[in-house]
Amino acid sequence: MKIEWAPADVPLDRRLQTLVTGIFTLFFFSLPLTSFALVALFLFYGGLVIRTLVVIYTVYIVVDHKRNYSALDGNGFMWNRTNPLYNVYRNYFPVSLVKTADLPPNKNYIIASFPHGILGTGICINMGLEISHWLKLFPQVRPKVGTLDQHFVIPFLRDLLRWWGLVSVSKASLNYYLTKSNDPKDPTNRDGFTSNAVAILVGGAQEALDSHPGQYIITLKNRKGFVKMAIRTGSAIVPSISFGEVDIFDQVDNPPDSLLRRLQTLVKKITGISPLIPVGRGFFNYTFGFVPYRRPIVQVVGAPIEVVQSDQPDADYVDKIHAKVVAAVEQLFEQHKKKYTANAAKTKLVIN
């Protein structure tokens, strides 16, 4: 294999972007294991005080999660969601955000997001890590990103995710955020925001298995849980497509009938996480490594699909709204693929 090395005269700002992105990527891939390792380190090698504090902290986060889903109202610490370091990470790709319709702050929203990609990088930057672009386009609407519920009972990982605006994607957690009052006078809206927009990567771990450059394969046909949640809470559903998300990483070839895919599917069923083998570039080469490729990601946010609130969603009505979401996703993709994909004529949206 011939290695393509990065030229020596790469500008310093681009080298800084590569370094920051590489560190962030390694950090994100290893967060759960790093959190467990830290706990083990403190328990095995810490003194009595440290061990006691770790045990108390672990018990506290488990109890708190059962009590209120590890909820963090508001936008959290804004310095941790709009700072220059995260902007360097954004500009590496770069990641941008496109608005096609207003999201009035008098209701709450489910942002039905596709595709998942390897890490969901675009959605996590725009609505989690670096939210300055979102706040300009959608004022008074708090951005949040749903992720696996089990992450919120892991010490250290739990608090990092909360500070970055990530929330549990469990039914109870989503219900908590999506039924929040939109009244400006409500005490929970003292931050000046009156709406919550929770992004859900609908295809999840299954969709991640299908992520390869240039291939927009999404998992939606039989995913109706988010539609039921929208109806129960009266939240509008907003389709969102992150063009380029599938292009920043490749992964080891894993066709559906391969041994690797069968093993990945087995692990996914047990843990809820797809054990992907991502392929990227290195710090000083473009051929191999774990750093994502420097390719643009454009998150296009569509128009809200309104629903009629019902505590007991009717199956026919769920199917009706689901069909609207599928049609809206297809339309959004076709309307914008010419502008945001490299080979629009050959780029197709496959809905599984």
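Colleague: What should I keep in mind before we start?

Modeller: This is a predicted model, so local features need pLDDT of at least 70 and side-chain atom pairs count only at pLDDT 80 or more, while totals for chains, interfaces and linings use all residues. Residues are numbered from 1 along each chain as its sequence is written, and side-chain values use heavy atoms, with hydrogens and water left out.

Colleague: Thanks. Which residues touch the most other members in the largest nonpolar core?

Modeller: Phe93, Ile111, Met127 and Trp134 do, out of 42 residues in that core. The largest share, five residues, comes from helix H4 (residues 121–129). By nonpolar core I mean a set of buried Ala, Val, Leu, Ile, Met, Phe, Trp, Tyr and Cys residues joined through side-chain atoms within 4.5 Å. Buried means under 20% relative accessible area, exposed over 50%, and partly exposed in between, with a 1.4 Å probe and protein chains only. Helices (H or I, at least four residues) and strands (E, at least two) are DSSP runs, numbered from the N terminus.

Colleague: And what does tryptophan 134 touch?

Modeller: Leaving out residues up to four places away in sequence, tryptophan 134 touches Leu97, Leu103, Ile111, Asn126, Met127, Val141, Arg142, Pro143, Ala197 and Val301. Contact here means heavy atoms within 4.5 Å. Another core lies apart from the largest one, with 38 residues, among them Val98, Ile218, Leu220 and Ala328.

Colleague: Which strands pair with E10?

Modeller: Strand E1 (residues 95–99) pairs with E10 in the parallel sense over five bridges, and strand E7 (residues 236–243) runs antiparallel to E10, joined by four bridges. Two strands pair if DSSP finds at least two bridges between them. On the E1 pairing, lysine 99 has valine 301 as its bridge partner in E10. Serine 242 has glutamine 299 as its partner in E10.

Colleague: What about aspartate 159, buried or exposed?

Modeller: Aspartate 159 counts as buried too, at 12% relative accessibility, and its place is in helix H6. Aspartate 159 and valine 318 are 159 residues apart in sequence and 35 Å apart in space, C-alpha to C-alpha.

Colleague: On to open space. What volume does the largest pocket have?

Modeller: About 1,400 Å³. Of the 47 residues lining that pocket, His116, Thr147, Leu148, His151 and Leu201 are the closest to its centre. Helix H9 (225–233) is one of the elements giving two or more residues to the lining, and H9 has the largest share, five residues.

Colleague: How do you define a pocket or a cavity?

Modeller: On a 1 Å grid over the protein atoms alone, a cavity is a set of points where a 1.4 Å probe fits but cannot get out, and a pocket is an open set with protein on both sides within 12 Å along at least five of seven lines; lining residues have an atom within 4 Å of a point. Grid points are joined across faces, edges and corners, and a volume is the space filled by probe spheres set on the points.

Colleague: Which residues lie nearest the centre of the second largest pocket?

Modeller: Gly244, Asp247, Tyr340, Thr341 and Ala342, among 14 lining residues. The second largest pocket holds about 230 Å³ of space.

Colleague: Last one: how many cavities of 30 Å³ or more are there?

Modeller: The structure holds two. The largest cavity has a volume of about 70 Å³, and Leu72, Arg162, Leu166, Val167 and Tyr177 are the closest to its centre of the 15 residues that line it. Strand E4 (residues 166–168) gives the most to that lining, with three residues. The second largest cavity is about 60 Å³, and its lining includes Asp73, Arg142, Tyr177 and Asn196.
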